[in-house]
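Q: I'd like to learn how to read a model like this one, step by step. Can we go through it together?

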Amino acid sequence: MKFKEMLKIELRKDENFPKNFLNILPRGYQELNHIAILNLKPELRIYANQIAKSMHEILPSLKAIWHRSGEIQGKFRQPQGLAHLWGDPKSEIILTENHVRYKFDFTKIMFAKGNVTERRILPTRIKEGETIIDMFAGIGYFSLGMARTKKPKKIYSIEWNPEAYNYLCENIRLNHVDSIITPIFGDCKEKIVELKENNICADRIIMGLLPAPVDAISSALSVINNNGGVIVYEGVEGKESTELFREFSEIANREGFLTSLIERRIVKIYKPHLYHVVIEILVKKKELF
Ligand SMILES: C[S@@+](CC[C@H](N)C(=O)[O-])C[C@H]1O[C@@H](n2cnc3c(N)ncnc32)[C@H](O)[C@@H]1O
């Protein structure tokens, strides 16, 4: 039986729960390590504790239930409005996915379960001996998986949120990839200048940030290998759209680069008719062609 139907049956037994609200109960929830994170319609929020109690009755394997009232927001892309409803109040977890261990506090750090396939595929695309720069590394969403393949020579993982950076450092140790990943704290646009000053350039650059980090394209191009390289760029666009690639190419052309699209992957639905998309672009200085 579907979650919403089970919840309705349980809440019908609760005299204090208004029966006219049964139809607006949530159809699902996010689950991280047996911790459920609910997002209730505003009218239901005063009944959050009753809903959590019923949820615990029908799903006894849950360790805790939380409510999230806000979206992922701000320059650090953090989840907003998390409130504990029931069970173990600890919010720091270690989640294992695709053989990678991610430690983080889910009240402060985003972890999009919907990106699981991309976290698995992206590391399979890298080539032996590559030097990689992960410009928006977070807690190591992509860096850790890439490093675990043992293929890259070096990954420079840049993150400017101190809390995410601390988890990135901890996750590097937890996954035993200290010899491959160098974590760097700060704004990626500034840190790329420093990498360049130290004669470091990249065969591949990961630009995993939403909305699309248009303002960081020039920085990425400035540190790409002289023989060219691959930029993995994220954004939101229509299912068949080529807008993301067009916008990227326009900037790259202005900076003296030619571009060709290697692959386009749809990560997940973002909003009705809009998709979270990843494109892999080969970039080369015009004079190399
Ligand atoms: C949350 S991750 C993106 C997650 C990943 N794309 C995914 O979907 O799983 C983006 C990270 O980039 C960081 N960030 C944003 N702008 C930055 C900048 N200019 N320099 C360094 N880090 C930045 C944010 O703090 C955040 O941790």
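This is a predicted model: local features need pLDDT of at least 70, side-chain atom pairs count only at pLDDT 80 or more; totals for chains, interfaces and linings use all residues.

Q: What box do the C-alpha atoms of the protein chain fill, along the principal axes?
A: Roughly 75 × 40 × 30 Å. As for burial, a residue counts as buried under 20% relative accessible area; buried residues make up 51% of the 289 in the protein chain.

Q: Which feature does UniProt place at residues 29-285?
A: The unreviewed UniProt entry puts "domain: SAM-dependent methyltransferase TRM5/TYW2-type" there. Over residues 29-285 the chain is 26% helix and 35% strand, with the end C-alpha atoms 47 Å apart.

Q: Now the ligand. Why does it lie between domain 1 and domain 2?
A: Look at who supplies the shell. Domain 1 (3-90) and domain 2 (113-288) both give residues to the shell around the ligand, so the ligand lies between them.

Q: Which of the 20 residues around the ligand come nearest?
A: Those are Asn115, Glu159, Asp187, Cys188 and Gly208. By class, the shell holds 9 nonpolar, 5 polar and 6 charged residues.

Q: What lies across from the ligand's nitrogen atoms?
A: For a polar contact, look for N or O atoms within 3.5 Å. A polar backbone atom of cysteine 188 is 2.9 Å from a ligand nitrogen. A polar side-chain atom of aspartate 187 lies 3.1 Å from a nitrogen atom of the ligand, and for an N or O atom in the side chain of glutamate 234 the distance to a ligand nitrogen is 3.5 Å. Overall, the protein covers 95% of the 600 Å² of accessible area that the ligand has on its own.

Methods
Residues are numbered from 1 along each chain as its sequence is written. Side-chain values use heavy atoms; hydrogens and water are left out. UniProt positions are given in the numbering used here, feature names are shortened, and annotations may be inferred rather than shown by experiment. Helices (H or I, at least four residues) and strands (E, at least two) are DSSP runs, numbered from the N terminus. A residue is near a molecule or strand if one of its heavy atoms lies within 4 Å of it. A polar contact is a pair of N or O atoms within 3.5 Å; within protein, one must be able to donate a hydrogen and the other to accept it, and residues adjacent in sequence count only if both atoms are side-chain atoms. Accessible areas come from the Shrake-Rupley method with a 1.4 Å probe; for residues, only the protein chains shown count as cover. Ala, Val, Leu, Ile, Met, Phe, Trp, Tyr, Cys and Pro count as nonpolar, Asp, Glu, Lys and Arg as charged, and the others, Gly among them, as polar. Domain bounds come from an automatic or database domain assignment. Buried means under 20% relative accessible area, exposed over 50%, partly exposed in between (1.4 Å probe, protein chains only).
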